[in-house]
Amino acid sequence: MEVQRFDYLLPQDLIAQSPAEPRDSSRLLVLHRESGRMEHRIFRDVVEYARAGDVLVLNDTRVRRARLRGRRLPGGGRVEVLLLHPEPGRPAATWRALVRPGRKVLPGQVLELAQGELLARVLARTGEGGRLLQLESPTGRPVEQILQQRGELPLPPYIRRPPADPERYQTVYARVEGSAAAPTAGLHFTPALLEELKRRGVTLTFVTLHVGAGTFRPVRVQHVEEHRMHPEYYTLPAETARAVEQARARGGRVWAVGTTVVRALESAAAPDGSVRAGSGWTELFIYPGYVFRVVDVLVTNFHLPRSTLLMLVCAFGGTERVLAAYRSAVEMKYRFYSFGDAMLILP
């Protein structure tokens, strides 16, 4: 399958640079995947499509303030570091990271970060600008505490200026810190909207999937099947597995809020469609031809051309119908990407 199949034309002025205010006032394109019928609504109207007995699964990850600026020692050349996650199976304070400019940062070098509050020794290269870093705080302060005070939110490269309120790049239910990017489909929900869904008989439950740097990286191969996903860590609690099973037993539908929730649920699915609680790393790559075992309804944003996220949405909604919806969204000047508008894909 050719990667170019998932290309589309997007005027640059449709890339949203700031979030909608209030959150639930963004636009909503509703796609009925069986018929291809489209509706154009406001996001808060999403409650009208929910049924009593449905379960809505949200990703409660929180974006870590993990972008750090500093310099190389010796020499003083500027560097920018994005800490991704602690490296499994390694000593404490060993982190996988992206470093720019990567070609000048070699194994054995030391980086001074966060205005001197962190030192990072480069242990190894990990490919595509990646490095394995051993972090040390000269003051003895915990790394996470330093990140809270000195780190910056790692906004996507197409957003030119950070929002005035950093919390607008977090969902209202974000609680488990660890992501390099926000699960953006959830940015549209407000506490009042979530309460209204519960009032209508919808069960709300959570998974945690920490979004990695792979969300920013283009697919560089010609054929979709050759691409390999970067691993991301997820946790699916027992209460979420029970909520999904109970919804299925009563004839309810499983709603996934965002592609991250889809990947977590489908990674935890048994061949019979049951969901197993647990944690682990997933490299699941969903593209057209994938048979979904758990998810019935998808809430998602509009994604980059040729991205793995768009491929997942095409797998769920049908490539032709999803791309037709994208063309319609462009014509009607929907806002795209992280701070943009949303799609609801129904059976």
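**Note on the predicted model**

1. Glutamine 149 is exposed, at a relative accessible area of 54%, because the cut-off for exposed is over 50%. The model is a predicted one, and the points below should be read as describing that prediction.

2. Glutamine 149 belongs to helix H1, which covers residues 143–150. Its side chain makes a polar contact with the side chain of arginine 141, at 2.6 Å. From glutamine 149 to glycine 251 the separation is 102 residues in sequence, and 47 Å in space from C-alpha to C-alpha.

3. Next, the sheet. It is open and has 9 strands, with mixed pairing, in the order E2-E1-E17-E16-E14-E3-E12-E13-E15. Strand E2 (38–42) and strand E15 (278–282) are the edge strands, each pairing on one side only. From one strand to the next, the twist averages 25°. Strands of a sheet pair through backbone hydrogen bonds, in either a parallel or an antiparallel sense.

4. Which strands does E3 pair with in the parallel sense? One is strand E14 (residues 254–257), which pairs with strand E3 (residues 55–59) over 3 bridges. Within that pair, valine 57 has alanine 256 of E14 as its bridge partner. E3 also runs parallel to E12, and 5 bridges join the two. There, leucine 56 is bridged to leucine 204 in E12.

5. E12 and E13 run antiparallel and are joined by 2 bridges. Opposite threonine 208 stands threonine 235 of E13.

6. What lies across these strands? Helix H3 (residues 238–249) lies across E3, E14, strand E12 (203–209) and strand E13 (232–236). Relative to E12, helix H3 runs at about 135°.

7. The largest nonpolar core has 67 residues, and the members touching the most others are Leu265 and Phe336. Helix H5 (residues 308–317) supplies the largest share of this core, 7 residues.

8. What does phenylalanine 336 contact, once neighbours within four places in sequence are set aside? Its contacts include Tyr8, Leu10, Leu14, Ile15 and Ala16. Phe302, Tyr326, Ala329 and Val330 are also in contact with phenylalanine 336.

How values were computed: Residues are numbered from 1 along each chain as its sequence is written. This is a predicted model: local features need pLDDT of at least 70, side-chain atom pairs count only at pLDDT 80 or more; totals for chains, interfaces and linings use all residues. Side-chain values use heavy atoms; hydrogens and water are left out. A nonpolar core is a set of buried Ala, Val, Leu, Ile, Met, Phe, Trp, Tyr and Cys residues joined through side-chain atoms within 4.5 Å. Buried means under 20% relative accessible area, exposed over 50%, partly exposed in between (1.4 Å probe, protein chains only). Helices (H or I, at least four residues) and strands (E, at least two) are DSSP runs, numbered from the N terminus. Contact means heavy atoms within 4.5 Å. A polar contact is a pair of N or O atoms within 3.5 Å; within protein, one must be able to donate a hydrogen and the other to accept it, and residues adjacent in sequence count only if both atoms are side-chain atoms. Two strands pair if DSSP finds at least two bridges between them. Axes are lines fitted to C-alpha atoms, for helices over the stretch in contact, and angles run from 0 to 180 degrees between N-to-C directions.
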